[in-house]
Amino acid sequence: MRRLRLYARIARLGVIVAVGLLFASGLKLQSLLRLRPSPALRQRLCCWFLARLAAALPFEVRLTGSRPDLPMLWLANHLSWTDIPLLGTLQPMTFLAKSEVRQWPLLGWLAAEAGTLFIRRGSGDSGALNQQLTAELQHGRALLIFPEGTTTNGTALRTFHSRLLACAIETGTPIQPVAVRYLRGGQIDPIAPFIGDDDLLSHLFRLLATDVAVVEIKLLQPIDSHGMDRNRLARHCHNAIAEALYGSAAPTCAAA
């Protein structure tokens, strides 16, 4: 029975990825024909696709808090590649991902065609990256970043990279902090986190073979970026997410 369930999940996921490839191919063709599909269209199609992808994953989503009416800079703690489809269903938005994602089979190409921005760790191009992030917010498009810069196993919150928040300060964009937690049997889920030397396909098959886990997504009170320097803003956001995840005795590192 468990094997049949796994095969059914794989088949469903395969159909969804195939549909995503069709959409992405259509967008690519429009670009080649110089029709230039709008970023807003890319965001809407991406949101539609991610909603189907998230529904195919073995998670029960428990969402609390209110979705913002205005475009914001979304900040979330980062545990797994699954964070993106789960959060991407909440609102059309642009994502910032590490450059390694671009090399993933199929999903990397899909991410690029959806308008994902990629960051190379240690590349020294923070000025160019900030210009890209600022442009997204200036055009009124919601943007999601993971300020820890990497994934964790969910037991603690890493330092936030404050340079990623400069775009919000420069554009006066509010921050939407988000706390994400994966639970299995009421405890921190050891399977959902995508960390270390794990590869995407191995993690995906391991995840699809398991029972349904719970994902808690907490949309916290928005934070005004006006009058903030980026370090202070990073600490404020860090503290808000840490408290939502762990309470007042949060096992965290202060943001630099």
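**Exercise 1.** Classify the crossing of helix H1 and helix H7 in this predicted model, and describe the contact.

Solution. 
- Locate the pair: H1 covers residues 2-32 and H7 covers residues 200-208.
- Take the geometry. The two axes come within 9 Å and cross at roughly 125°.
- Apply the cut-offs. Roughly perpendicular ends at 115 degrees, and roughly antiparallel needs over 145. H1 is therefore oblique to H7.
- List the contact residues. H1 supplies Leu6, Arg9, Ile10 and Leu13. H7 supplies Leu204, Phe205, Leu207 and Leu208.
- Sort them by class: 7 are nonpolar, 1 is charged and none is polar.

**Exercise 2.** Is Thr151 buried or exposed, and what does Thr151 contact beyond its sequence neighbours?

Solution. 
- Check accessibility. The relative accessible area of Thr151 is 15%. Buried means under 20%, so Thr151 is buried.
- Set aside neighbours within four places in sequence. Thr151 then contacts His78, Leu79, Ser80, Phe194 and Ile195.
- Look at Phe194 again. Its backbone oxygen lies 2.6 Å from a polar atom of the Thr151 side chain.

**Exercise 3.** Compare the radius of gyration of the protein with that of a compact globule.

Solution. 
- Start from the chain length. For 256 residues, a compact globule would have a radius of gyration near 18 Å.
- Compare: the protein has 18 Å, which agrees.
- The C-alpha trace spans about 55 × 50 × 35 Å along its principal axes.
- Finish with contact range. Among contacts between residues at least 6 apart in sequence, 76% join residues at least 24 apart.

Note on methods: Residues numbered from 1 in each chain as written. Predicted model: local features only at pLDDT ≥ 70, side-chain atom pairs only at ≥ 80, totals over all residues. Heavy atoms only, no water. Axes fitted to C-alpha atoms, helices over the stretch in contact; angles between N-to-C directions. Helix = DSSP H or I, 4+ residues; strand = E, 2+ residues; numbered from the N terminus. Parallel < 35°, antiparallel > 145°, perpendicular 65-115°, else oblique. Contact = heavy atoms within 4.5 Å. Nonpolar A, V, L, I, M, F, W, Y, C, P; charged D, E, K, R; others polar. Buried < 20%, exposed > 50% of the residue type's maximum accessible area, 1.4 Å probe, protein only. Polar contact = N/O pair within 3.5 Å; in protein donor to acceptor, adjacent residues only side chain to side chain. Rg over C-alpha atoms; globule rule 2.2 N^0.38 Å.
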